[in-house]
Amino acid sequence: MTRAAYLRGWLTTVDHKRIGLLYLGSAIFFLLVGGLEALLIRAQLLQPNLALVSPDTYNALFTMHGTTMIFLAVMPLGNAFFNYMVPLMIGARDVAFPRLNALSYWIFLAGALLLNASWLVGTPPDAGWFGYANLTTRQFSAGPNVDFWMLSLQVLGVSSVIAAVNFIVTILNMRAPGMTLMRMPVFVWMTLVVQFLVALAFPPITVGLIFLMFDRFFGTHFYNVAAGGDLHLWQHLFWIFGHPEVYILILPAFGIVSEVLPTFSRKPLFGAPVVIYSGVLIGFFGFGVWSHHMFAAGMGPVADAAFAIATMLIAIPTGVKIFNWLATMWGGHLQPTVAFHYAAGLIALFTIGGLSGVMHASPPVDLQQHDTYFVVAHMHYVMIGGSLFGLFAGLYYWWPKMTGRLLDERLGKAQFWLLFAGFNVAFFPQHFLGAMGMPRRIYTYNEGAGWGLWNFVSTMGAFGIGLSVLLFLVIVARAMRAPAAAPADPWDGRTLEWRTSSPPPEHNFDVIPPVYSRDTFWREKYGDRHGRTPPPRPDPPHAGAHGIHLPSPSLWPVVVALGIGVAAAGALTHVAIVVLGVAVTFVGAFAFALEHHRNPAHARQDGNLDTDHRKLAMWVFLGSECFFFGTMIATYMAYRGRSVIGPYPEEILNIPLTTLSTFDLLMSSLLMVLALAAVQRGDRRQSRLWLAGTVFFGLIFLGFQAYEFIHFVHEGLTLQTNLFGSTFFVLTGFHGAHVTLGVAWLAALLVLDLRGQLTVADAPKVEIAGLYWHFVDIVWIAIFTLLYLIP
Amino acid sequence: MSTLVARSDLNRSILHVYTIITWATVVIGVIVFAALGWILLRYRSRPAGGALPPQTRGHTLLEIAWTIAPALVLLVIAIPTLQVIFRTQQAVTPSGALQVTVRGYQWWWEFHYPTLDVLTANEVHIPVGRTIEFRLEGPDVIHSFFVPQLAAKRDVVPGRVNFITFTADQPGEYWGQCAEFCGLSHANMALRVIVDTPEDFERWVAAQRAPAVEPAGDAARGKEIYARSACVGCHTITGVSAGVLGPTLTHFGSRGTIAAGMWPNTPDNVAAWVRDPQGLKPGVKMPNLGLTPEQARDVAAYLSALK
């Protein structure tokens with residue numbers, strides 16, 4: 001194979017396993033980048049009053065360290081395993097949408113490169129990974145530093161939500177026959193919970209970032225105190241995302257541990273249903289505890305008390321998991337592999353992090369611990385001791401499956417103990433520093449504060465962590481030089497991924513494996529509790545790779561991602577580049593959508609839930625959109641009446657006219673229903689008529705909106721006028737953008753229909769466009785009611 | 001800065017909860033670690049081949065037990081937590097409380113006593129035994145007022161007003177620092193709270209309300225330099241200048257530290273500061289004035305004389 005063909009193979013791959021490897025490689029690279037940033041931070045704090053790096057560099061280092069580790073290292077490491085393992089573990093040949101999967105990765109890469117390009121041009125983000133407004137506004141952060149941060153986070157968010165939709169559909173709809181939900185491996189369950197968290201938690205921060213972007217680029221007032229803005233807004237939006245994000249980072253590790261411990265205890269997971277339910281419960285509670293990050297912000301005693309109780313409650317399902325893991329090992333035949341070391345290490349370290357978390361769940365205690373090194377210690381016990389240890393367990397456990405090569409167990413144990421020791425030396429003393437009152441995010445400290453000793457110790461430990469990571473690279477390099485000789489089932493595994501070769505063939509399984517129970521592969525090998533093994537299923541005559549439809553490679557994911565990356569980079573440079581990027585994105589998206597339009601293998605995509613993959617995906621996406629618009633509408637409501645100057649809504653909103661446009665949009669939904677019915681029964685004349693009608697009514701609505709906007713501008717209301725103008729135009733504008741997208745989508749279907757390329761078999765395509773269209777109409781009814789009708 | 005030393009009623013309440021939770025978590029931690037350690041030692045390295053261990057799948061009663069047990073422990077934590085939340089965050093100002101408005105600027109603190117007509121910066125005096133109400137306001141970005149031994153912490157949020165109410169137990173000097181990242185010199189935003197006896201506090205208030213002293217000698221030359229340079233645009237010295245962008249200097253010499261707690265207030269440190277504030281405190285709004293060493297010494301002499 002020539003080098004060009006090799007490169008092209010990776011660029012256009014839609015194989016979930018190769019995409020998983022791409023995530024893995026990128027995540028390890030950014031883990032090194034984030035780790036280097038951490039070591040510079042620790043070196044600067046080695047002693048009082050050091051000047052190894054300048055204060056602005058230091059602020060950039062902790063901002064980029066946090067952002068990188070969360071979005072570019074730990075999340076993508078999870079994604080690597082979701083991608084590689086989930087289809088194998090549920091007995092599928094790929095994910096539901098292989099090209100979307102590639103798109104997620106390439107958009108992620110675009111966002112990651114954009115974020116780190118800020119170092120190369122010398123303006124790295126420096127306002128903290130949490131970017132508290134109003135420090136992030138143009139007034140207090142004039143340079144492009146914050147722009148890099150907010151743009152790349154938006155790009156990364158797009159990638160995450162696309163992946164979330166894809167994995168939810170894959171897990172719900174593509175399980176092998178017999179794999180009921182409660183027979184799914186716990187890792188798959190935790191993946192499912194995580195993807196729901198991603199789909200629902202990213203919209204609030206996206207909205208918060210959009211507000212910030214409009215404030216910085218277009219002079220709106222979302223975070224402008226003088227214009228009536230409330231700085232708690234950003235904190236709420238950020239932590240409504242930020243706390244579920246903690247579970248997005250930790251639940252994959254919990255899932256891995258729940259696979260690794262049973263395998264190496266040679267026992268089933270103790271109380272598997274309870275472990276699953278507690279994971280679901282953690283995800284659910286995760287949305288109700290965000291304000292415990294704001295106990296010092298002054299929310300009042302009632303909110304403090306409510307969020308304290310909610311936060312303490314979340315400790316219960318978390319504790320249950322720990323006890324169930326202990327009970328899994330109890331009475332087992334423990335195989336002390338490196339993966340097992342990491343899983344047991346997670347139990348120990350996460351317990352410490354969880355318990356210190358219970359301490360600052362109490363608001364009075366938090367008033368002493370918040371924003372001190374105590375919290376730094378706590379969150380690293382959770383993020384390294386929890387997430388990273390779990391992910392390392394996964395790396396040692398699944399490395400042979402992913403590469404065909406076992407990692408060296410002897411060196412691996414040394415690597416574990418070095419990390420375990422280095423980590424505890426680095427972070428346990430930070431509890432003391434916190435108790436001694438050392439605040440976070442200070443680039444230096446005076447000798448008199450007495451913080452020198454423990455900072456010195458902590459820095460020594462941090463370099464131990466660095467050495468351990470280097471040793472891991474050595475282990476990986478040694479393994480990869482050896483031939484791919486790992487057996488299919490090196491650990492005597494329990495789940496389906498061990499039933500195929502290491503690494504698996506492109507089509508994963510010659511025959512989709514039968515599923516008899518939880519730990520189905522184990523049962524095939526050892527029988528059920530009475531020792532009865534299931535009768536071997538005869539292989540169908542055409543066993544082998546022949547006749548298996550595999551998704552073909554596609555260049556369009558890279559093109560679309562490139563367009564998005566260019567558009568985001570253009571926002572930092574010149575508007576013409578934005579236009580170019582958007583154009584590339586649109587052309588790419590259309591080509592993407594039409595690539596397999598006439599491919600009969602794509603006509604039906606039914607799955608376990610008796611629902612078309614595409615329809616299920618649209619429902620999940622609309623759930624995410626609900627949170628998007630819900631956040632925008634909630635902001636409008638919260639800011640209602642806070643404008644310090646006019647024009648005010650009651651002076652300017654034209655209810656009769658908007659009633660007309662609302663009626664028009666509702667009627668378009670009716671036409672959409674007629675259009676779908678016509679397509680489904682193959683009535684070409686009517687389908688053209690009603691599709692054209694829907695498009696036309698959509699355009700009329702946009703005309704009304706354009707008229708309204710122009711009228712308002714003439715009346716002296718713009719984005720910049722007051723808080724009302726900012727919230728009104730951004731909310732209705734984003735709704736209008738959705739309508740525009742819907743019109744473009746329906747127009748594309750109409751063109752296909754006119755060219756005779758929309759048949760009965762294409763009805764699902766019209767149906768999902770219709771779902772989107774109805775959703776946009778319903779959102780408008782909410783907007784019309786809340787903005788116009790309720791004074 | 002220790003958070004485990006309580007020198008006010010507020011912090012004793014906090015420390016009470018802190019202690020309960022610490023012991024509760026230590027006990028749970030010890031139980032989990034003992035169980036983990038015992039399991040790892042007891043069941044380690046059985047040979048992989050041979051008979052399988054008993055394939056236990058779960059035990060409902062046991063699992064219910066270890067769901068309820070942590071819930072009970074949490075109850076022990078939650079009750080004192082709620083008590084302290086509602087006791088320490090009361091909606092009404094206690095009668096007889098001394099109000100002090102705290103304003104957090106990038107990167108220094110301003111203290112205003114509305115009832116006493118006193119304005120000062122970076123070092124706040126309060127009387128022992130009297131209830132204090134800090135009223136936190138922010139003119140620029142979010143800061144967090146953190147005085148571990150007296151007042152714990154509360155954010156200073158522009159556009160909002162937060163309160164900390166407490167009564168200090170014993171006279172002394174207590175350090176505090178900004179705890180919310182607020183930009184370039186976040187690390188250089190310390191403060192001191194000086195708890196005085198009631199008599200000392202009265203004396204301090206009287207001194208702060210007095211007009212600025214008239215200097216002599218070097219200090220008089222320093223005053224001249226001060227009065228004709230850019231200093232007057234930002235700083236107040238009663239009778240000399242009325243700038244409001246920087247901290248008031250009327251009684252600068254009475255403070256123990258300079259530049260928001262960065263160095264002791266000695267004439268040498270002050271001279272170094274006025275020569276090169278940009279070099280000494282990154283991002284500081286105060287420009288370098290181009291003073292010669294002699295001029296800087298004179299200005300320092302003047303400022304130090306402003307007791």
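1. **What you are looking at.** This is a predicted model, in which local features need pLDDT of at least 70 and side-chain atom pairs count only at pLDDT 80 or more, while totals for chains, interfaces and linings use all residues. Residues are numbered from 1 along each chain as its sequence is written, with chains lettered from A and ligands numbered from 1 in the order in which they are written. Helices (H or I, at least four residues) and strands (E, at least two) are DSSP runs, numbered from the N terminus.

2. **Where the chains meet.** Chain A puts 70 residues into the contact and chain B puts in 71 residues; two residues are in contact if their C-beta atoms, placed from the backbone, lie within 7 Å. On the chain A side, at least two residues each come from α3 (55-89), α9 (301-329), α10 (338-361) and α11 (363-369). The top contributor is α9(A), with 14 residues. Sorted by class, this side of chain A has 44 nonpolar, 18 polar and eight charged residues. For the classes, Ala, Val, Leu, Ile, Met, Phe, Trp, Tyr, Cys and Pro count as nonpolar, Asp, Glu, Lys and Arg as charged, and the others, Gly among them, as polar.

3. **Two helix pairs in chain A.** Take α4 (residues 98-120) and α16 (residues 556-570) of chain A: their axes come within 8 Å and cross at roughly 30°. Axes here are lines fitted to C-alpha atoms, for helices over the stretch in contact, and angles run from 0 to 180 degrees between N-to-C directions. Angles under 35 degrees count as roughly parallel, over 145 as roughly antiparallel, 65 to 115 as roughly perpendicular and the rest as oblique. That is why α4(A) and α16(A) are called roughly parallel to each other. Their crossing is right-handed; the label is left-handed if the near helix is turned anticlockwise from the far one by less than a right angle, and right-handed if clockwise. Residues of α4(A) in this contact include Trp106(A) and Leu114(A), while those of α16(A) include Trp556(A) and Ile564(A). By class, the contact has 14 nonpolar, one polar and one charged residues.
Now compare α3(A) with α12 (residues 373-403) of chain A, which pack at an angle of about 35° with axes 11 Å apart. This crossing is left-handed. Among the residues that make the contact are Phe81(A) and Tyr84(A) of α3(A), and Leu391(A) and Trp398(A) of α12(A). The contact divides into ten nonpolar, two polar and no charged residues.

4. **First sheet of chain B.** Five strands form an open sheet in the order β3-β2-β1-β5-β8, with mixed pairing; two strands pair if DSSP finds at least two bridges between them. β1 (residues 98-105) and β5 (residues 131-137) of chain B pair in the parallel sense over six bridges. A hairpin links β1(B) to β2(B) through two residues. Across that pairing, Arg103(B) has Glu110(B) as its bridge partner, and Val102(B) stands opposite Phe111(B).

5. β9 (residues 172-178) and β10 (residues 190-196) of chain B run antiparallel, joined by six bridges. Tyr174(B) has Val193(B) as its bridge partner in β10(B).

6. Leaving out residues up to four places away in sequence, Val169(A) touches Ala96(A), His613(A), Leu616(A), Ala617(A) and Val620(A).
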